[in-house]
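Reader: Could you take me through this structure, one question at a time, and spell out each criterion as it comes up?

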Amino acid sequence: MGAGKSTLGPRVAELLGRPFIDLDRDLEQDLGTTIPEFFERRGETAFRMQEEGHAIAALRLPDPAVIALGGGAVQTPSIRHELRDRAFTVLLEVDAETAWRRSAGSGRPLAQDESEFHALYERRRRLYDEIADAHVHDLDDVLLAAAGVHVHVGALESLGSLVPGDGPVALVSDPHVGGIYGAAAQVALGSRLASVHEVPQGEDAKTAAVAERLWSELRLDRDGVVVALGGGSTTDVAGFVAATYLRSVAWVAAPTTLVGQVDAAIGGKTAIDLPQGKNLVGAFHWPVRAVIDPSTLETLPEDQRLEGMAEVVKTGLLAGEPLWDLPAPQLVQRCAAYKAAVCLRDPADRGDRAVLNLGHTFAHALEAAAGYEGLTHGRAVALGLLAALRLSGRPVDVVEQLLQPKPVRVDRERAWEALRRDKKARRGEVRLVLLSEHGPVVEGRPDAEIRSALDELIAE
Ligand SMILES: NC(=O)c1ccc[n+]([C@@H]2O[C@H](COP(=O)([O-])OP(=O)(O)OC[C@H]3O[C@@H](n4cnc5c(N)ncnc54)[C@H](O)[C@@H]3O)[C@@H](O)[C@H]2O)c1
């Protein structure tokens, strides 16, 4: 009671693209009266019976929904049972004082007397803790919990308890990250650690040969878990190996780069490269958890931090908020929550997820024209963001100040050809992610405009 479910619920539902069901409001409509009046006339027992029918029907709906349960619903054993079986249940935390302040005088039948209210709060607390899959305080907490993403400074030390289940763990990292954080991860995993595996640093990890070596090294049963500790290259290959080994075992991403923490570890895309191109073989395999410890960014070299900042600026532009100004832990948390929501809305990348490609159409064209050499992905994205902002009629100062992209020396025709082949092209028309006053949109523009925006990114 008074936790804010009715305010937060519709926002969560909107961001996850699911219907919102406010059980108390639905119940009032069906009963044709208000809950206080029903309590007054028929008593709490009759109310709980009505509530039970409605709650169970809502929890058994075939399609996923965001449901706000009345505060007392968990007192009914069958509802608790259904929650355990069918729902991901988040407890929206509120302290007793605040809950009383918000509920007193609202006419709620069980918020009439302050000491009885506090006693009820204590009694229900135990049940809430028993059924909650996650404890949350705000919108981002709900989105992150729903996506299995756990962000906190020092999270690496709790890795053992954050890896779900009790099966054996295979730890995968590159020699550099392993040298800095491997021991801490191994200690945290304790007796669950079954084996340790090494992959090359950077993009070299994402090959069929590395995947094949990992498949043959692993000695996990189906209840085993692959834990990938490192940047996006490590999480991509280890996640792909987990997706395919024994027709899939669970995996946990423990990203240690900014790119990993705000992007690669979230959303379930895993992949390796082929000689023909990047990320050409892969699988959607959502990590059972992403354990994000922003303190690992302290050892990240500046050039790697800048790679991640390109994605941070992109996310802030999409969210319409200056997320780039936040200190590291909050910056990571907010960006991760944004990506988590988009990916939960579109897990198989068939729609909304396209917005995450803001600036990327240009970036991919420039990378292709550069022959994937001498131009990092982050620098290409920074340039791509400039073009997307210009075509959206937006100022570019934030990109210029934070990312300082310099025009790149590549062949203009080659870049244009690559851009026209972009995977978002439909019937020959290039579709771009642009920013409108209502948020991101995917739309076409005349070739001449796109070409001139591309040309501006290329040095004479
Ligand atoms: N799956 C996805 O959705 C997704 C999204 C974005 C990017 N990616 C992939 O991610 C890869 C790029 O990943 P990345 O940018 O994280 O880099 P990376 O994994 O290639 O790592 C870069 C370097 O940073 C080092 N490093 C990592 N963490 C460190 C730390 N805390 N301190 C010091 N050094 C550290 C590594 O040893 C490595 O040498 C690309 O292959 C890209 O395709 C995947």
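Reader: Which helix lies across β5 and β12, and at about what angle does it run to β5?

Author: This is a predicted model, in which local features need pLDDT of at least 70 and side-chain atom pairs count only at pLDDT 80 or more, while totals for chains, interfaces and linings use all residues. Residues are numbered from 1 along each chain as its sequence is written. Axes are lines fitted to C-alpha atoms, for helices over the stretch in contact (C-beta atoms, placed from the backbone, within 7 Å), and angles run from 0 to 180 degrees between N-to-C directions. On that basis the element lying across β5 and β12 is helix α15 (residues 328-345), and its angle to β5 is about 170°.

Reader: In what order do the strands of the open sheet stand, and which strands are at its edges?

Author: Helices (H or I, at least four residues) and strands (E, at least two) are DSSP runs numbered from the N terminus, and two strands pair if DSSP finds at least two bridges between them. The 6 strands of this open sheet pair in parallel, in the order β5-β12-β9-β8-β6-β7. Each edge strand has a single partner, so one side of it is left without a neighbour in the sheet, and these edge strands are β5 (149-151) and β7 (193-198).

Reader: What is the bridge partner of Ala253 in β12?

Author: Strand β9 (residues 250-255) runs parallel to strand β12 (residues 289-292), and 2 bridges join them. In β12, the residue paired with Ala253 is Ala290.

Reader: How many residues lie between β13 and β14 in their hairpin?

Author: Strand β13 (residues 431-436) pairs with strand β14 (residues 439-444) in the antiparallel sense over 6 bridges, and Arg431 stands opposite Gly444 in β14. The number of residues between the two strands of this hairpin is 2.

Reader: What percentage of the protein chain counts as buried?

Author: A residue is buried if 20 or more other C-beta atoms, placed from the backbone, lie within 10 Å of its own, exposed if 12 or fewer, and partly exposed in between. By this criterion, the buried share of the 460 residues of the protein chain is 42%.

Technical notes
Two residues are in contact if their C-beta atoms, placed from the backbone, lie within 7 Å.
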